[in-house]
Amino acid sequence: MKQKYCSNSCRTRAFVVKNKKGLSLPSKEIKKAEANKIEKMSLAGVGNAAVGTLAVNALANLFTSEANKPATKKDIDNLLNKLKQRYYPIFNIPLRQDGAKPYYDIETKNFVYIKNNLP
């Protein structure tokens with residue numbers, strides 16, 4: 001005997017369709033109508049998309065810690081300017097008796113005391 005259906009699910013579906021108890025197979029007219037349907041852009045759809053995007057960005061910004069946020073051009077410029085300084089403060093050496101603060105001099109590779117704050 002030849003096999004009539006390729007699997008049990010196909011045999012069951014054929015029975016359901018034949019006895020009209022469940023889902024029916026889509027007709028060719030419905031497929032043609034769906035193929036010719038052109039979706040149009042509406043102002044409400046654009047507004048909904050914009051509001052959704054703003055909500056997602058606001059929540060992502062709210063729940064992302066400062067350490068995990070991306071660096072901006074201003075952050076990078078500030079870092080480069082700080083790296084170009086000549087003197088860097090040393091925090092583990094005490095102040096001199098006259099109040100001068102210890103700094104590390106990048107050019108001479110020594111530490112120096114400077115009386116007034118550097119700009």
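# Exercises: contacts and exposure

L80 sits in helix 4 (residues 73-83); helices (H or I, at least four residues) and strands (E, at least two) are DSSP runs, numbered from the N terminus. The model is predicted: local features need pLDDT of at least 70, side-chain atom pairs count only at pLDDT 80 or more, and totals for chains, interfaces and linings use all residues. Residues are numbered from 1 along each chain as its sequence is written, and side-chain values use heavy atoms, with hydrogens and water left out.

## Exercise 1

## Exercise 2

Find the aromatic pair and name its geometry.

- Step 1. Set the rule: rings of Phe, Tyr and Trp (its six-membered ring) pair if their centres lie within 6.5 Å; planes under 30 degrees apart are stacked, over 60 edge-to-face, the rest tilted.
- Step 2. The structure holds one aromatic pair.
- Step 3. That pair is F111 and Y113, with 6.0 Å centre to centre and 75° between the planes. The geometry is edge-to-face.
- Step 4. F111 is partly exposed at 46%. Y113 is partly exposed at 29%.

## Exercise 3

Trace the salt-bridge network that includes R86.

- Step 1. Set the rule: a side-chain nitrogen of Lys or Arg lies within 4 Å of a carboxyl oxygen of Asp or Glu. The count is four salt bridges.
- Step 2. D105 bridges to R86, with the closest N and O atoms 2.8 Å apart. This pair links distant parts of the chain: D105 is in strand 2 (residues 101-105), R86 in the loop between helix 4 and strand 1 (87-89), 19 residues apart.
- Step 3. E107 also bridges to R86, at 3.6 Å, N to O. E107 lies in the loop between strand 2 and strand 3 (110-114), 21 residues from R86.
- Step 4. Join them: R86, D105 and E107 form a network of salt bridges.
- Step 5. D105 is buried at 3%. R86 is partly exposed at 33%. E107 is exposed at 59%.

Technical notes. Buried means under 20% relative accessible area, exposed over 50%, partly exposed in between (1.4 Å probe, protein chains only).
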